[in-house]
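Please read it alongside the structure shown here.

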Amino acid sequence: MTSGGMPSIPSSISPPPVSLPLRNIPGSYGLPLLGSIGDRLDYYWFQGPDKFFRTRMEKNRSTVFRTNVPPSFPFISADPRVVAVLDCKSFAHLFDMEIVEKNNVLVGDFMPSISFTGNMRVCAYLDTSEPNHSKVKNFITDILRRSSRIWISELESNLSTMWDGIELEMAKNKQSGFRNFLQPALFNFFSKTLAGADTAKSPEVAKSGYIDVIIWLGLQLVPTIHIGVLQPLEEIFLHSFRLPFFPIASRYQRLYDFFQKEGAEVVERGVTEFGLTKEEAIHNLIFTMGFNAYGGFSLFFPVLLDRILNDKTGLQQRILKEVRSKSSSGLTFESVKEMDLIYSIVYETLRLDPPVPSQYARARKDFKLTSYNSTYNIKKGELLCGYQPLVMRDPEVFDEPEAFNPDRFRGEKGAALLDYLFWSNGPQTGTPSEKNKQCAGKDLVVLTGVVFVAYIFKRYDSIAGEGGSITAFQRAN
Ligand code: HEM
């Protein structure tokens, strides 16, 4: 591993760079404006992101190529031109902070208005060269370290409320939506563990805080999201301009007041121990809690559950056996660590369905980008774009890359693959720090996924469902 967290690709899949020919980057941005409009329509309407990247990769016969990525013209001023990097080796350049920078490029050249975050740029938009990045990243890392004490007990308690609710609804309707119960549970869980703020102390926040965050997230991100059902209305109204903050302003203020009051101790530490202003501590807390944690898990858990519900190979029986044999003393950091089948399932889900599919970084200086067969000149200022769902299907690294293999990450060979699991904007074997832009929650995200699955199979012998609903379960005796 280099200091920037870039994995050293083993020589078995990576010949030394000196022997590789220098090639021009294939692909083009097309005619001014028209090229970006065509790509935008393909991305959002005619193809969707997966096919968009796949067809261009095939057409250019290269995993590295030039293309436009929306949002862009006419009313959004973001520059859509990127160099796509779609294999593990070229993608890993995104982690080397000596050659790339991440100033305002969380979602490409597009950036939502900073009014959503108290008129300041929060951690995810800061480059590692900015002093505030270190302060906030260390603050969040400290929060996570301290909250690990109550992490599993709070998670179990919120999962218990969630599944009680699902069971009650099933008793009435024979089936129950999963998300309706998941989202309040996640909101309560992260408020408590990250900010020390108990939603029970504020009935209004308890009732609608989780919905407020969804609206706040949607208004920021909708211009970048392929929905694919409302065309051409989607193109005209959702992808053509940045959406305003005012519809959610008063609700955001309510969240701010809630974290200021109920999270006072954590906020105070941000000020006294990490040198942040009170406002910086609170807005970063809301962003980490709402955008990173709540947003990430709202996408990740439904997919993780679906992977288990859709399995036809007897996976539930195998999970059940592992959970029952390893958790006689309850779910603890120690007992969970031994659940290597569930760990592997969580990793495999993060590989095939990375919750944050696109990652961006801008060249800090001119450098040579290396793929398996070629090197390419990248100029300072060019934007690199990695689309993880394809990168994580790199056949040079993963056998049968399209298949969901619950055992893929087990054993010695499986552990070696963790160098190439990139969902956190860094390898799973990397260490998030102030020097890089890797997800601060990397290890706890995986652990939380494992506890989520283990909890289900402590509570149930089997469970069934489809399309986001639970349709049957067998309670454990
Ligand atoms: C399933 C859940 C999660 C997913 C999928 C996820 C994914 C990511 C990704 C991909 C990034 C890098 C974004 C970029 O720069 O391109 C990131 C950054 C970050 N994540 Fe997570 N995350 C999750 C949960 C969490 C949690 C629970 C926390 C902490 C409480 C957290 C804290 C952060 C922070 C602070 C950053 C910014 C890092 C920096 O700027 O250096 N994330 N996350």
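Axes here are lines fitted to C-alpha atoms, for helices over the stretch in contact, and the angles between N-to-C directions run from 0 to 180 degrees. The model is predicted.

**Helix 6 and helix 10**

- The axes of helix 6 (residues 203-221) and helix 10 (residues 278-309) come within 10 Å and cross at roughly 105 degrees.
- Angles of 65 to 115 degrees count as roughly perpendicular, and helix 6 and helix 10 are therefore roughly perpendicular to each other.
- On the helix 6 side, the contact is made by Val 213, Trp 216 and Leu 217; on the helix 10 side, these meet Gly 290, Phe 291, Tyr 294 and Gly 295.
- Sorted by class, this contact of helix 6 with helix 10 holds 5 nonpolar and 2 polar residues, and no charged ones.

**Shell around the ligand**

- The ligand is surrounded by 26 residues, of which the closest are Asn 292, Gly 296, Asn 425, Cys 439 and Gly 441.
- Helix 4 (131-173), helix 10 and helix 16 (442-459) are the elements that give two or more residues to this shell.
- Helix 10 gives the most, with 6 residues.
- By class, the shell around the ligand consists of 16 nonpolar, 7 polar and 3 charged residues.

**Tyr 252**

- Tyr 252 lies in helix 8 (residues 249-262).
- A residue counts as buried if 20 or more other C-beta atoms lie within 10 Å of its own; Tyr 252 has 22 within 10 Å, so Tyr 252 is buried.
- Between Tyr 252 and Gly 381 the separation is 129 residues in sequence and 34 Å in space, C-alpha to C-alpha.

Conventions: Residues are numbered from 1 along each chain as its sequence is written. This is a predicted model: local features need pLDDT of at least 70, side-chain atom pairs count only at pLDDT 80 or more; totals for chains, interfaces and linings use all residues. Helices (H or I, at least four residues) and strands (E, at least two) are DSSP runs, numbered from the N terminus. Angles under 35 degrees count as roughly parallel, over 145 as roughly antiparallel, 65 to 115 as roughly perpendicular and the rest as oblique. Two residues are in contact if their C-beta atoms, placed from the backbone, lie within 7 Å. Ala, Val, Leu, Ile, Met, Phe, Trp, Tyr, Cys and Pro count as nonpolar, Asp, Glu, Lys and Arg as charged, and the others, Gly among them, as polar. A residue is near a molecule or strand if its C-beta atom, placed from the backbone, lies within 6 Å of it. A residue is buried if 20 or more other C-beta atoms lie within 10 Å of its own, exposed if 12 or fewer, and partly exposed in between; C-beta atoms are placed from the backbone.
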